[in-house]
Amino acid sequence: MLRPRALIPSVTVGLVLGAVACNLTPDAMTTDSGGSDTAASTDTTGTTDEPTTGGPTTDEPPTTTSPATTDEPETTTDGTSVGTDTTAGPTTETGTTGPDLDNVTIYDIQGGAVPENSVVTVKGVVITSPVHIDGDGKGTIFVQDPMGGELSGIAVFLYQEVAMNFGVKPGVIVDITGEYTEFFGESQLQVTSVDAIVEVGQGEPPAPAVVAAADVATGGAKAEAYEGVLVQVEGVTVTNPAVDMSDFEVDGALLINDFFLFPQMEEPTVVNGQEFTSIAGPLRFSYDNHKIAPRAAADLVSGMVPQAEEHTIYEIQEGALPVQTPVLIKGAIVTSPLTFKKDGFFIQDPMGGEHSGIYVYIGAKAVTVKPGDVVDVEGVYDEYYENSQIEVADAAKVVVTGNGAVPTPEVVSAADVATGGPLQENYEGVLVTVENVTVAAANMMFSDFELTTGLFVDDIFIAKADWKLPMIGDTFTSITGPLTFGFDEARLLPRTPADIVP
């Protein structure tokens, strides 16, 4: 099944940075990294499942000190945090314990010597990451004490004015004044004024600290000590390429996160068993997990990539293979034309029946196939929003080996293959026919319509000029097409107007 209004692969064999995303939508098939119900998003500033590093988000319950309606501390009109005692914190000048808050170190903060919500100044720290800008225009960077090592790094959350007006560049040495907070367990400095960051020099980010993956994974022996620090793991293998839309997992249960890569359109694509010579980036704490956030493509150095092995469509659709597995399907029959945007088509095992069909995504690659072609397809199996598909990285991986008859469509009950129907999963990707159906609703915006059984009918193969929306109450003798899942609904996809019989 697919993500809202999209059928998109997120991986190809090997490491492909500048990830390809595919949409199989009622109106168009487009590239996207986070679709919506109404339109493809143009905001590539952040992933949908990662919170920013300032203020409560929908993934965590708001605390009593962070109102649910904002992701920042309540402020007065002059920018001073309400309820924050800017003079709080012991100082050495008066002989009490604790650091001088006007000149603390990151080590002091991360070592627990500074009370939370203190306004502090850290001096001579080096910026170690690019800026991540969220959907509200607020930003996050990481800084580190030049001496490096444990407890030397911290996240810095930049209010909108700061994020948009401060020229962030890794290697710049700065003095920073901000409020020390713990945002759902991640230490950070919140900076509300451009004047609170002063550039004092130029340098280079420190070399990443080489650490063991298990040590900095969630609950690892060194995870807290290296939070916010630029770290590097070496010689790791992918154990779960799709933990969620933002993370993949390597040895030691360590998560790798696309916090900086997604806005740069450099998301890695990985497969099961892929090896990385090294992965580097600041160690974040997000969604109750420690995770490395590579700063750019160069922070991921790929090693060996597993080769595709021959499998059947039945194996894929019956759940015998993990996602992001390289596969080679031989002797399948093409059951549809290319989509109207020419970026995908359906194939089916000649034996037909349940679990016999799947969608093939080719993106912008020039592939020429037609219904009835017999093909060998090599790519990566993925589940994108629960829609099974094979993602092809190279047009040469689709080879036409012959020509045969298109399989006879399986006649099924529209109610059985509608969303949640008992046979919906079984016939996903398969060429089916539903008979004697009635229109319940039509959607002009997305050019789809719904049958009284709850099954949707969509137009991804048919040009707008040839697609006529029916009226509510219209009946059809039959409708034929591959069955898919998109926008949280099962959808039948007529291949030509002739597939819709009055």
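## Salt bridges across the chain

A salt bridge is taken here as a side-chain nitrogen of Lys or Arg within 4 Å of a carboxyl oxygen of Asp or Glu. By this rule the predicted model holds nine salt bridges. One of them joins the side chains of E150 and K222, with N to O at 2.8 Å. Helices (H or I, at least four residues) and strands (E, at least two) are DSSP runs, numbered from the N terminus.

## Buried pairs

R491 and D448 form a salt bridge in which the closest N and O atoms are 2.8 Å apart. This pair connects strand β27 (residues 489-492), which holds R491, with strand β24 (residues 448-451), which holds D448, across 43 residues of sequence. R491 and D448 are both buried. A network of salt bridges links D448, R491 and D458.

D499 and R495 also meet in a salt bridge, at 2.9 Å from N to O. Both of these residues are buried.

## Overall make-up

The protein has five helices and 28 strands. Of its 502 residues, 53% count as buried. Contact means heavy atoms within 4.5 Å. Among contacts between residues at least 6 apart in sequence, 65% join residues at least 24 apart.

## Confidence and conventions

The predictor's confidence in each residue, pLDDT, runs from 0 to 100. The protein averages 84, and 80% of the residues score at least 70. Over residues 1-49 pLDDT stays under 50, and the model has 200 contacts beyond four places in sequence for them. Residues 55-96 also stay under 50, with 70 such contacts. Where pLDDT is low, the predicted coordinates should not be read in detail.

Local features need pLDDT of at least 70 and side-chain atom pairs count only at pLDDT 80 or more, while totals for chains, interfaces and linings use all residues. Residues are numbered from 1 along each chain as its sequence is written, and side-chain values use heavy atoms, leaving out hydrogens and water.

Notes
Buried < 20%, exposed > 50% of the residue type's maximum accessible area, 1.4 Å probe, protein only.
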